[in-house]
Amino acid sequence: MLRFFDTNQDFQSLRRDIDRAFDAFRTNGAAFRQAFLPGRSPRNYPHVNIAEDADTIHVEALAPGLNPDSIQITVLRNQLTIAGEKPGEASDVKAEQFHRCERAGGRFVRTFTLPAEVNDAKVAAEYRSGILTITLPKAETAKPKKINVAVA
Amino acid sequence: MAEATVVRPVEANEPTTQESTHEPDRYITPVVDIYENEGVGLVVLADLPGLASDDVTLSVEKDVLTIKGVARESVERPWVYREFTPVGYFRQFTLGKKIDQGAIKAEYKHGVLRVTLPFAEEAKPRQIEVKVA
């Protein structure tokens, strides 16, 4: 008997195609978003990149113009929270002095679930040219253990 | 018959503005704040995160101020989640006659470029004392 189509298989391949299309959108489209400012898209401010290698998780957050003293990073098991404040326009600048006002300011907080639990005592963070880089070594319990096989 | 390409005559002081650059890298238009300190000058604040200070260039040509940033070489890491990639920045503004182009100053700090555009002396408001005889 000839099989014209297999519904299950067709739907699965369609789903894969759609997923792939959205993957491409995520990686290419993100670069053109201009949400450096809490006011514009407060739900996903700041934008982050997360990388993971054998021992460490690296997090980069795109957050220009923060007050460095306001940055607060907290880690609980595999939850990372970044909070801070981007100062708005200087308080001595009156509204009528503005020719253009596109940047916004305000307080923000964002929490991520990391791919593994981290050793909270050894977390290091650096804020340079508007990018907050956080290095989080993995907890000993989260690292894979090698088990020797005894050969009799 | 050979085709002749005629160069469009350029006006002497025509600004060379453009919406984008012809370079192959990707560019985005940075967001800016511009405010005026009355009688002193203009201040431009632009968000240009992720650049080394050598990668920010500011130039003035034919009354056009160009802010340009070249994307840094990013560290290749085994990314598991990405929301942004380093890109360059490009934006131009036409300067008015009031600006003293020789005295423009710029500072790059925490990913924000601050450009100070002072007014020329002749454009500043002046008090003229009235002598009462």
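Which residue in E7(B) is the bridge partner of B:Ile28? The residue is B:Tyr89. To see where this pair sits, start with the whole model, which is a predicted one.

Take chain A to begin with. Chain A holds one helix and eight strands. Read from the N terminus, its elements run α-β-β-β-β-β-β-β-β. The chain has 152 residues, and 22% of them are buried. Now look at how chain A folds back on itself. Count the contacts between residues with a separation of 6 or more: 56% of them link residues 24 or more positions apart.

Chain B has zero helices and nine strands. Chain B has 133 residues, of which 23% count as buried. Its contacts between residues at least 6 apart in sequence can be sorted too: 56% join residues at least 24 apart.

Next comes a sheet in chain B. Strands of a sheet pair through backbone hydrogen bonds, either parallel or antiparallel. This sheet is open and has four strands, in the order E1-E7-E5-E4, with mixed pairing. Its edge strands are E1 and E4 of chain B, and each pairs on one side only.

Strand E1 covers residues 27–28 of chain B, and strand E7 covers residues 88–94. These two strands pair in the parallel sense over two bridges. Here is the pair from the opening: B:Ile28 has B:Tyr89 as its bridge partner in E7(B).

Step on from E7 to E5. E5(B) and E7(B) run antiparallel, joined by six bridges. One pairing to find is B:Ile67 with B:Arg91, its bridge partner in E7(B). Then step from E5 to E4. Six bridges join E4(B) to E5(B), and these strands run antiparallel. B:Leu58 stands opposite B:Ile67 in E5(B).

Strand E4 spans 56–61 and strand E5 spans 64–69, with B:Lys62 in the loop between them. B:Asp63 has its place in that loop between E4 and E5 of chain B. B:Asp63 is not a glycine either, yet its phi is positive, about 65°. Are these residues buried or exposed? B:Lys62 is partly exposed, because 14 other C-beta atoms lie within 10 Å. B:Asp63 is partly exposed as well, with 17 other C-beta atoms within 10 Å. A buried residue would need 20 or more.

Finally, see how the chains meet. In all, 28 residues of chain B are in contact with 32 residues of chain A. On the chain B side, strand E2 (32–37), strand E3 (41–47) and strand E6 (79–82) each supply at least two residues. The largest share, five residues, comes from E2(B). By class, this side of chain B has 17 nonpolar, four polar and seven charged residues.

Strand pairing also crosses between the chains. Strand E1 of chain A, residues 47–52, pairs with E6(B) in the antiparallel sense over three bridges. Look there for A:Ile50, whose bridge partner in E6(B) is B:Tyr81.

Key: Residues are numbered from 1 along each chain as its sequence is written. Chains are lettered from A and ligands numbered from 1 in the order in which they are written. This is a predicted model: local features need pLDDT of at least 70, side-chain atom pairs count only at pLDDT 80 or more; totals for chains, interfaces and linings use all residues. A residue is buried if 20 or more other C-beta atoms lie within 10 Å of its own, exposed if 12 or fewer, and partly exposed in between; C-beta atoms are placed from the backbone. Two residues are in contact if their C-beta atoms, placed from the backbone, lie within 7 Å. Two strands pair if DSSP finds at least two bridges between them. Ala, Val, Leu, Ile, Met, Phe, Trp, Tyr, Cys and Pro count as nonpolar, Asp, Glu, Lys and Arg as charged, and the others, Gly among them, as polar.
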